[in-house]
Amino acid sequence: MHKWLRITVPVASSLSLSFKSQLRVFSRQLVTSRTFLGYQRKYIDNTSLQLQSQQWRFFSMSDLDSLPPVDPKTGEIIVNPLKEDGSEKTAKEIEKEKKKAEKLLKFAAKQAKKKATTANSDSAEKKDKKSKKKKEVEPVPDFVDKTVAGEKKILVSLDDPALKAYNPANVESSWYDWWVKSGFFEPEFTNDGKVKPEGLFCIPAPPPNVTGALHIGHALTISIQDSLIRYNRMKGKTVLFLPGFDHAGIATQSVVEKQLWAKDKKTRHDFGREAFIEKVWEWKEEYHQKIKSQIQNLAASYDWSREAFTLSPELTKSVVEAFVRLHDDGTIYRASRLVNWSVKLNTAISNLEVENKDVKGRTLISVPGYDEQVEFGVLTSFAYNVVDLDERLIIATTRPETMFGDTAIAVHPDDSRYKHLHGKYVQHPFLPRKMPIVCDSEAVDMEFGTGAVKITPAHDQNDYNTGKRHNLEFINIFTDDGLLNENCGPEWQGMKRFDARKRVIEELKANGLYISQEDNEMTIPTCSRSGDIIEPLLKPQWWVSQGEMAKDAIHAVKNGDITITPKSSESEYFHWLGNIQDWCISRQLWWGHRCPVYFVSIEGQENSKNDGEFWIAGRTLEEAQEKANIKFVGKKFTLEQDEDVLDTWFSSGLWPFSTLGWPDKTKDLETFYPFSMLETGWDILFFWVSRMIFLGIKLTGSVPFKEVFCHSLVRDAQGRKMSKSLGNVVDPLDVIRGIKLEDLHAKLLLGNLDPREVEKAKAGQKESYPNGIPQCGTDAMRFALCAYTTGGRDINLDILRVEGYRKFCNKIYQATKFALMRLGENYKPPSSEGLSGNESLVEKWILHKLTTTSKIVNEALDKRDFLNSTSAIYEFWYMICDVYIENSKYLIQEGTEAQQKSAKDTLYILIDNALRLIHPFMPLISEEMWQRLPKRSTERSETIVKAAYPIYESEYDNLKAAKAYDLVLDITNKARSLLAEFTILKNGKVFVESQHEDSFETAKSQQDSIVSLIKAIDEVTVVRDGSEIPDGCVLRSVNPEVNVHLLVKGHVDIDAEIGKAEKKLEKVSKTKSGIESTMGSKDYESKANDQAKEATRLRLENSIAEIEGLKATIENLKRLKL
């Protein structure tokens, strides 16, 4: 016989003998109880236990029903040295039991004292309770950041009431200014100025329009780019993220002209070129700072010391150099061709600035310059009389007003209806013009319509090509302002083009030539800047010959000098370059790079400005003069610079090398060119990316970057393109700060939206954001946008998902706060990271997860796999919070000194590494919380920006331990599932049964861990055989070797549970039959690979085990009824 151990507890002596008699009943239950695991413990005044986490927990009075046995004379706790099975308790178990008993007795002492002092005031207390009002929740005070701008953030204690809960505005303040001022974003070199041995990584940021406003597409671009930049910087590389802005010729001039007209009722012509440009520069300076500030809100780690602007003197020098070189070698040439003409803006525009609107039939559209809406989507048929024959040809057009530019009628050469008309003419009804009937199999489909087509070479791209084939006359019928010109005759000259449309139809009717009108589905090209209807117009312009450059660009990708991701974008690149057209670079604007080319007016000659022979390109007027003297030797002439400016995309096409100082041979150009990668949206792969490749190879002899990564386009949650008129455009700052619906409505009135479209946009906002946009913060938005990046062409952005990542930020915030609290103020991490040899199983498991997660994330980011990188980090944080922190509490609180130190060291490793892992995606919260961690004596980085990124560590790779603890988690999950299924919320009795030796030992050794993870149980019993399980239990199979049993007798409706189990059994049996059918199929053995066969075999084994478990559960439940 063993003697019971007696342990003296001083606090117990304060209990009255009458109260001590109540302490014996509940003692055994308390010894095995884990009610308080999962909460933080603190001693307060050495008499009570306070439990702190997301809520407060105390011992309840019901716990006093059973307390440890106490000797009434000595006050000593009596501890039974034997377990229930008769085996001896270890010293550790006895010590554990003692500590628990002490805590409960301290609580009991406090309650006894409280009871004694309040015994005579029960009635008064009851009355007082009734009069007490429910305590209102105090509002969280505002956080006041007292940090001086540019200085390191002053970290207020996390105990401050303002920091109790996560608020992105509090966490994200001040860090960015400190980073910039400290130069953390500038590239690091070796002591001798060379690229660091870890390598080089550099990205040129796509320059946003300087007078624009950020939209969610900008946020996506910055989030992706900056995650890669920060990742590579943390990998120790020399890193450059080069920022800048585009002067945005048409966009900027258009906005300024609108503002000047609204304010002063003046046009640019009222000011004159120089004065107007000064106005635009003033506007640029104001809005430049606005958009720069917006970008800084996104925490982009740009090297602002290298900020570029496409219209700066440095980049203007590059533009002039490029134009002169390309003009001198014939790549840039002069020609009259059709352009996209914006009547409202009075300039040609690029295809990118053309917005196509589809109409199904008759549609009224508002057009600038017209009081009434103009009708589109109508096909008008009318007739031309054939000369010298009593016949007429019927044609159809959607643009009747262009008939003044008709110079031929085309028919198919094989069309028998018109063979007798080959070589004949038709008469124009309003002009003294005879037009030939030409045969053209390309222009005419004889099965469509009448098989006769009007040809207007100067105002339609298809007709332009037909005109070239047949050497037709090209007649321009419009002025630059969209009025009919002298070529239409005096009766029509000066009439607006769409007024002329109605008048033409009236006159056709009067002349008996009108046939009919019908609805016609069509696409209408509009100017995205002004809303005007684009007019194809024949203009003398400067063009870039792209054919040979395209061949070099195709070769650069095919031979691997440049990679394009995803493959779909690469295919589109090849397709577009294989059908390349020359590029019009003239723009009839004032804001931009004025073409550095001069017309030579030779005295006594009338030479056409359409003729490129009389144009000289020069870096300066003096250089042009010297070139002209050589070319036109002996001639008297004057030089006149072209009034036009260059397409903005021309200067943007030079971006990767102009920003580094080209054409000068600078240190930056030598170091950073070609850039590591170019990241942008797939929609400008042709307009920008390909042109950078063209010009880079042509002018520098090298590709401008080694990799192109094309991200998706952002659409709204319904998959619609974001549009101001739909009201679904998202300002990233609204996502960061949050905004009410009424404030979203108010912002619509600040833009240039047509008043008739404002109400439509308001309805769209109400549909997309019925409660406004919640405050999400920069970190949550960046992480969400990267997590959305799957390689697809479109992202359907749901703001609620972004808000969900704000909750993830809160998880990180609270977990780090809790870790700091658990580590304690005096905690000092070891000088180096690594295993101590004292790690528990859960520590080995989580460190294994850390190293495998690090490997996954590094490999994913190297492959530009943002979905898997963000998912892995997200899951790892949840492993820390939901498993390790919960499990480590009892180790830190109740373990031996070695266990406590090991658990704390591991906790530190996890938080430190997890913050580093997430920093590229969430730079602000990671810095805020990392700065609060105590640092190793060997840590040299003063900011997480420069801290080392976690990598795979073989020391932590412990697959055996990982599998063992995975079993613990599987047991836990099955137990939780059973408890939830049978709605058992407390005092649950769980049994783990396994005859498999390793599984049994794992479960046995991890009993405390299992209990710590399941709130509804106080203990878990591990047995080898099912015969040791009491009657009244249900079973859930973990795997073929392990079962979990839950005692349900007295807790549940037996008949209902039998019904549930039978349904599950039926379902699992069908699954098993399906697996067996697959395995027994004719080609299974020959076609299935080994990996698939093994997976199928495991599924079958698990199904069999689950069936056996369900059958056992049903039998047990049936026995309960007996």
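Let me begin with the second largest cavity, whose lining takes at least two residues from each of α30 (959-981), β37 (1033-1039), α33 (1054-1079) and α35 (1090-1121), where helices (H or I, at least four residues) and strands (E, at least two) are DSSP runs, numbered from the N terminus. A cavity here is a set of points on a 1 Å grid over the protein atoms alone where a 1.4 Å probe fits but cannot get out, and lining residues have an atom within 4 Å of a point. This is a predicted model, in which local features need pLDDT of at least 70 and side-chain atom pairs count only at pLDDT 80 or more, while totals for chains, interfaces and linings use all residues. Residues are numbered from 1 along each chain as its sequence is written, and side-chain values use heavy atoms, with hydrogens and water left out.

Among the residues lining this second largest cavity are Phe982, Arg1036, Glu1057 and Lys1064, and at least three lining residues come from each of domain 4 (965-1052) and domain 5 (1056-1120), with bounds taken from an automatic or database domain assignment.

Turning to the strands, β31 (residues 678-681) runs parallel to β32 (residues 707-711), joined by four bridges; strands pair if DSSP finds at least two bridges between them. Leu678 has Val708 in β32 as its bridge partner.

Finally, the structure holds 64 salt bridges, each a side-chain nitrogen of Lys or Arg within 4 Å of a carboxyl oxygen of Asp or Glu. One of them joins the side chains of Asp226 and Arg782 (2.9 Å, N to O). Because Asp226 sits in helix α7 (residues 216-234) and Arg782 in helix α24 (residues 777-788), the pair ties together parts that are 556 residues apart in sequence.

Methods. On a 1 Å grid over the protein atoms alone, a cavity is a set of points where a 1.4 Å probe fits but cannot get out, and a pocket is an open set with protein on both sides within 12 Å along at least five of seven lines; lining residues have an atom within 4 Å of a point.
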